[in-house]
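Take a walk through this fold, one piece at a time. Keep the sequence and the model side by side as you read.

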Amino acid sequence: MWSYVRTNTRIQSLSFSLSVDQCHLASISFQFARCFIDDIQYKSYEIVLELCPTKQVVSFLIERSPDVTCIIDLVKEEMGGKNTKTFKIQDDSKNTYRKIPLHTVEGLPIPTSIFTPENLRSAISYKARPEDVFIVTYPKCGTTWMQYIVWEIINEGAPLPSFDDMNMKYTPFLELTGGEVAETMKPPRLLKVHLPYHLTPHHPDAKYILVARSPFDCCVSFYHHTKKIKNCYHFEDGTFDDFFECFIRGEVHYGDFFDHLLSWWPHRQDPNVFFTTYEEMKLNPENSVMNVAKFLGNNYWEKLRDDKDILNKILENTGFNNMKEKLQYNIGHDGDSDQKVEFFRKGQVGEWKENFSDEQYRRLKKHMMQKTEGTDIPQLWKDL
Ligand code: PPS
């Protein structure tokens with residue numbers, strides 16, 4: 001008879017006890033192997049027990065490095081009179097990360113709470129109109145910042161509406177609200193979606209503003225978002241390492257970062273598409289605001305060119321510190337004060353360096369180069 005003890009979800013040590021009537025442990029030997037499959041390192045341990053007839057109880061402990069998680073493939077057979085027994089422990093650590101509960105609707109992974117299949121389908125089937133302005137991003141790439149910039153340009157630097165009003169009313173997040181909300185809006189309708197190209201409602205005269213962000217910083221921002229909004233993602237006990245495994249496999253809300261970007265990439269120079277990056281916006285907010293205004297219409301651009309007070313007001317209102325101070329994120333809040341979400345968290349470029357291990361950097365970089373092969377996408381983030 002024998003058993004093993006799992007110390008916690010992440011197995012740091014395994015302890016086995018063997019109680020054998022006549023034969024007892026004489027020696028233990030380890031065999032250790034490594035292999036790489038799809039760039040993921042697997043380790044396997046083989047433990048050979050040799051039994052001898054002098055002791056009644058045998059126990060041993062296998063120390064594991066703290067960062068290793070594993071699935072144990074223990075062969076639960078009787079000793080069968082043999083004096084040598086091989087236990088195989090398969091370290092499948094990279095496959096045992098904590099997952100985010102998701103289900104797939106219209107090919108997109110969505111959380112099992114708050115986001116409903118009905119609203120997603122309703123968003124997808126919304127009929128775009130010529131006066132519509134869509135703000136389209138993969139999550140955590142600067143959507144909210146762009147929503148406020150667009151709204152501020154159209155409303156000439158008015159005080160910031162609340163976060164909830166912005167996402168439910170002024171620039172409704174269609175996958176959350178459903179497409180019906182847009183039917184009641186007056187043009188120009190500002191609409192937020194995180195949809196890939198083929199699922200975004202299209203009209204040849206509608207405008208599409210795209211913001212992309214370095215996948216590395218996006219991953220970190222997305223991790224905090226997913227972990228903090230407990231009643232949507234149910235990932236509060238997930239670590240960054242867990243999230244990284246989900247992110248690199250596209251097992252996150254909206255799927256693979258690069259699939260989204262690649263779906264829009266061939267359209268980035270279409271006349272009704274404005275493509276920018278979070279990094280460009282950080283580098284020169286004034287240029288960004290002026291460029292967005294120009295894209296929205298010459299009248300908006302001329303207004304800002306001629307009235308610097310409005311331009312300055314917009315820049316001040318949409319500055320990170322101001323938005324962080326004035327806006328409170330409540331969406332999906334269930335009254336649990338523990339769940340207070342610091343939505344405007346860091347707002348930095350390059351924060352990933354404090355979070356990624358060397359191996360994670362290497363793997364995401366390789367994933368990026370493979371997924372974007374034949375495109376200039378890596379040129380967007382040359383210093384990665
Ligand atoms: S969401 O939930 O997908 O809509 O999130 P999204 O708005 O796309 O991204 C959130 C990140 O954008 C940062 N943010 C800003 N950065 C600079 N300036 C301004 N004004 C601004 N507003 C939002 C926000 O802090 C999130 O990034 P991180 O890295 O988590 O701080």
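Which residue in E8 is the bridge partner of His-103? In this predicted model, the partner is Ile-110. The two residues belong to a pair of strands, E7 (residues 102-105) and E8 (residues 108-111). These strands run antiparallel and are joined over four bridges. Together E7 and E8 make a hairpin, with two residues between the strands. Glu-106 in this hairpin has a positive phi, near 50°.

Now step back to the whole chain. It has 384 residues, and 32% of them count as buried. Its secondary structure comprises 15 helices and 12 strands. Take the contacts with a separation of 6 or more: residues 24 or more positions apart account for 72% of them.

Next comes an open sheet. It is built from four strands in the order E10-E9-E11-E12, and the pairing is parallel. E10 (190-193) and E12 (273-277) are the edge strands, each pairing on one side only. From one strand to the next, the twist averages 20°. Within the sheet, E9 (residues 133-137) and E11 (residues 207-212) pair in the parallel sense over five bridges. Look for Phe-134, whose bridge partner in E11 is Tyr-208. In a regular strand, side chains alternate between the two faces of the sheet. Helix H2 lies across E9, E10 and E11. Relative to E9, H2 runs at about 160°.

Helix H2 (143-154), H6 and helix H14 (320-326) each supply at least two residues of the shell around the ligand. Which helix gives the most to this shell? H6 does, with four residues. In total, 20 residues surround the ligand. The closest are Thr-143, Thr-144, Ser-221, Arg-345 and Gly-347.

An α-helix has 3.6 residues a turn, so residues three or four places apart point the same way. After H8 comes Gly-250, with a positive phi near 70°.

Notes. Residues numbered from 1 in each chain as written. Predicted model: local features only at pLDDT ≥ 70, side-chain atom pairs only at ≥ 80, totals over all residues. Buried ≥ 20, exposed ≤ 12 C-beta atoms within 10 Å, placed from the backbone. Contact = placed C-beta atoms within 7 Å. Pairing = 2+ DSSP bridges. Near = placed C-beta within 6 Å. Axes fitted to C-alpha atoms, helices over the stretch in contact; angles between N-to-C directions.
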